[in-house]
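Please keep the sequence and the structure in view while reading.

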Amino acid sequence: MATVELRFSALPEHVRTARLVAAAVARRAGVDEAVLDEVRLAVGEACTRAVGLHQTVGISAPVKVLLIEEEKQFSIEVGDEAPHAVPGEHGPGAGPGDPDGEADEDEMGLAVISGLVDDVEVSAGEHGGSIKMTWPTTPPPTILA
């Protein structure tokens, strides 16, 4: 299992770099060429969401992206350190203190990611959250000598 870790300052201008790195590593891992645009878009959405959460809460920690190559699959995990409301509680991103539209924008980003990627896991808690996206890979062709 090979893993590439990318950390970047929570600034919108770094999202494009994360998308390009993700697409390059996905290609090398064996993700189908026809799916690479979806990889780029999904990573862009996840990173934009993480950057927005960091900026909204005022967190200076970097956004973390893990690119994980495993047998028969490739995963990308985008992590943030913003506190997320636990269902049923009022906290950042929930309840009366939520600025109009902020939660809706977050949900829209997650909907876009879910539409692009068949296998998505979203986790969130008071110490941050992550979005893990997984795609199947095809092994490189065997070259007979």
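Is Asp37 buried, partly exposed or exposed, and what is its relative accessible area? Asp37 is partly exposed, at 48%, where buried means under 20% relative accessible area, exposed over 50% and partly exposed in between, with a 1.4 Å probe and protein chains only.

## Basis of the model

This is a predicted model, in which local features need pLDDT of at least 70 and side-chain atom pairs count only at pLDDT 80 or more, while totals for chains, interfaces and linings use all residues. Residues are numbered from 1 along each chain as its sequence is written, and side-chain values use heavy atoms, leaving out hydrogens and water.

## Helix 2

Helix 2 covers residues 36-57 and spans 32 Å from its first C-alpha to its last, close to the 32 Å expected for its 22 residues at 1.5 Å a residue; that expectation is 1.5 Å times one less than the number of residues. Helices (H or I, at least four residues) and strands (E, at least two) are DSSP runs, numbered from the N terminus.

Among the buried residues of helix 2 are Leu36, Val39, Arg49 and His54. Just after the helix, Gly58 takes a positive phi of about 80°.

## Salt bridges

The structure holds 5 salt bridges, each a side-chain nitrogen of Lys or Arg within 4 Å of a carboxyl oxygen of Asp or Glu. In one of them, Asp37 meets Arg40 at 2.6 Å, N to O; the two are 3 residues apart in helix 2, and therefore separated by about one helical turn. Arg40 is partly exposed, with a relative accessible area of 23%.

Asp80 also pairs with Arg49 in a salt bridge, the closest N and O atoms being 4.0 Å apart. Because Asp80 lies in strand 3 (residues 73-80) and Arg49 in helix 2, the pair ties together parts that are 31 residues apart in sequence. Both Asp80 and Arg49 are buried.
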